[in-house]
Amino acid sequence: MSAAETLTRPATAPRPEHFDVLVVGAGISGVGAAYHLGRQCPEKSYVVLETEASFGGTWWTHRYPGIRSDSDLHTFGYRFKPWRGAPIATAEEILRYMGEVIDENDLARHIRYHHRIHHAAWDSQAKLWTIQALDQASGEERRFTCNFLYMCQGYYRHRQGYLPEWPGMADYQGRIVHSEEWPEDLQYEDKRVLVIGSGATAATIIPAMAAKAQHVTMLQRSPTYFRAGRNAIEIAEELRALGIDEEWIHEITRRKILFEQDKFTRMTFSHPERVKQELLGVVRSYLGPDYDVEKHFTPSYRPWRQRIAFIPDGDLFQGIASGKASVVTDEIERFTPRGVLTKGGQELEADIVVAATGFHLNVLGDIAFEIDGKPLDFHETVTYRGMMFTGIPNMVWVFGYFRASWTLRADLVGDFVCRLLKHMDAKGVRQVEVALRPEDRDMPILPWIDPENFNPGYLMRGMHLLPKRGDKPEWQHNQDYWAEKDEFPKTSLDDAAFVYR
Ligand SMILES: Cc1cc2nc3c(=O)[nH]c(=O)nc-3n(C[C@H](O)[C@H](O)[C@H](O)COP(=O)(O)OP(=O)(O)OC[C@H]3O[C@@H](n4cnc5c(N)ncnc54)[C@H](O)[C@@H]3O)c2cc1C
């Protein structure tokens, strides 16, 4: 249905509910968005629509054993709410923290659960978005209008993981489970488990399952970098022992972590070999001199081309060292009735195969978008700082960092959105969009990310769905928190890139 049709429905159709701002999703970004709107734009009405039955997004929908963060919660937590626990946190702890943010700031009354948005149409005459959502609790269609759309839908499709098709899968007599679709009834005590994958999810599942399973084998096509160490931040512990206020501890610890991460990231570009050897040295310290670290834990790419997960207390490596878990680095030839046959000719027998094989990229929440009756092709747009897009009015999305915690960017975007909304009010306008300026006309238009810089599988598989970028900082999502934290607040909203109506 086009925007015009939506707005001229027969009088019998219930009138849409109107809000100044509509937030899509109640994950860590959407709850943060609600907080920032409430604090910085208290005069704006807003609603958060969420498909699921509760808040949390990633931390609500993922149910695999051991589910935890892979970056520290001092920076994955919001800048405005101190994190008091160990830096690497379980999903349950993160949900509790988010629940406190909702309670302490009276956000619950703004969130509607079970609302799956499937259609969004912009009408340039009315300067409004019309949003259609299915209320999954009642089965009824709901319509909303809003002036501004704040997209906090994350980047992958929840509850439907990416599972490659391998020959012989139908013949396998055990159970195949995807990490994103964990069955509540899965019993794995004393079972032989084969985990396919080498990323943070595999690294979490393996030690968690190894505690009860007979044996867990990790089958990886190629190795990944990990960091490992004690699940504690010394400075936070010291300050706490001194009785320092938690708000101070949060701020100081964040600054220390961010300072060190910045140093580390720069080192991966300036001295990649040194960083690589340091990372591998930690792995060796857990696995001992006889373990083939070269084969199983030495990636062929330079550190930071893919996200580096932190392994608390090196539990993955401890599991391997204890003999409860093992690693096979080889490719899958096919499934057999008993397990998996590798290209190297090894049959890995298993009662359960866990596919930790990644995501389906989900741009814009699987919502069909229209601008003045014309379907939106997101791939044809160019991004402004990874949050606005040429030709899409009154919309910002939150796409966080990969080399730093996601939420650092969600907070920065929150400030930006509120500043932009106030700026529009001050100018007396109701529409803003970004457009290439005359000086940008000859700028090369490139894919969303540079694979030389960052190249995880789900982004590579989904590049044709993502917007494009230019070669100037303002027309890119540059993954650099340390630059953006200073640039965002200073961005001139009267720059010619912003077109107001
Ligand atoms: C297992 C796992 C561990 C991770 N660990 C870390 C980590 O330690 N550190 C880090 O920085 N990042 C991590 N990430 C990345 C992580 O996804 C983000 O950091 C962050 O949680 C994303 O939050 P979000 O709110 O933007 O999106 P999500 O958590 O994906 O939440 C989006 C919400 O929007 C809702 N939604 C989507 N589409 C619609 C629609 N059409 N209508 C209504 N609602 C909709 C979804 O139901 C969901 O609740 C991890 C990811 C995974 C999968």
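1. The structure is a predicted model, in which local features need pLDDT of at least 70 and side-chain atom pairs count only at pLDDT 80 or more, while totals for chains, interfaces and linings use all residues. Residues are numbered from 1 along each chain as its sequence is written.

2. The chain has 14 helices and 23 strands, where helices (H or I, at least four residues) and strands (E, at least two) are DSSP runs numbered from the N terminus. Along the principal axes, the C-alpha atoms fill a box of roughly 70 × 55 × 50 Å.

3. Of the 501 residues in the chain, 40% are buried. A residue counts as buried if 20 or more other C-beta atoms lie within 10 Å of its own, as exposed if 12 or fewer do, and as partly exposed in between, with C-beta atoms placed from the backbone. Among the contacts in the chain with a separation of 6 or more, 71% are accounted for by residues 24 or more positions apart; two residues are in contact if their C-beta atoms, placed from the backbone, lie within 7 Å.

4. Helix α9 (residues 272-287) packs with helix α11 (residues 315-322) at an angle of about 40°, the axes being 8 Å apart. Axes here are lines fitted to C-alpha atoms, for helices over the stretch in contact, and angles run from 0 to 180 degrees between N-to-C directions. The two helices α9 and α11 are therefore oblique to each other, given that angles under 35 degrees count as roughly parallel, over 145 as roughly antiparallel, 65 to 115 as roughly perpendicular and the rest as oblique. On the α9 side Val283, Tyr286 and Leu287 meet Phe317, Gln318, Ile320 and Ala321 of α11, and by class this contact has 6 nonpolar, 1 polar and no charged residues. For these classes, Ala, Val, Leu, Ile, Met, Phe, Trp, Tyr, Cys and Pro count as nonpolar, Asp, Glu, Lys and Arg as charged, and the others, Gly among them, as polar.

5. Helix α11 also meets helix α6 (residues 200-210), with axes that come within 8 Å and cross at roughly 50°, which makes α6 oblique to α11. The contact brings Ala203, Ile206, Pro207 and Ala210 of α6 together with Asp315, Leu316 and Gly319 of α11, and its residues divide into 5 nonpolar, 1 polar and 1 charged.

6. The axes of helix α12 (residues 406-427) and helix α14 (residues 481-490) come within 10 Å and cross at roughly 10°, so that α12 is roughly parallel to α14. Leu408, Arg409, Leu412, Asp415 and Phe416 of α12 make the contact with Tyr481, Glu484, Lys485, Phe488 and Pro489 of α14; by class these residues are 6 nonpolar, no polar and 4 charged.

7. Asp190, with phi near 60°, has its place in the loop between β7 (175-178) and β8 (192-196), and it counts as exposed, with 10 C-beta neighbours inside 10 Å. Trp304, with phi near 85°, is found in the loop between α10 (293-297) and β11 (309-312), and it is buried, with 20 other C-beta atoms within 10 Å.

8. Lys212 lies in the loop between α6 and β9 (215-220) and is partly exposed, having 15 other C-beta atoms within 10 Å. Although Lys212 and Asp190 are 22 residues apart in sequence, their C-alpha atoms are 6.3 Å apart in space. Leaving aside neighbours within four places in sequence, Lys212 is in contact with Tyr188 and Glu189.

9. Gly99, in helix α5 (residues 91-104), is partly exposed, with 15 other C-beta atoms within 10 Å, and its C-alpha atom is separated by 38 Å from that of Val275, 176 residues apart along the chain. Arg461, in helix α13 (residues 457-461), is partly exposed, with 14 other C-beta atoms within 10 Å; Arg461 and Met151 are 310 residues apart in sequence and 22 Å apart in space, C-alpha to C-alpha.
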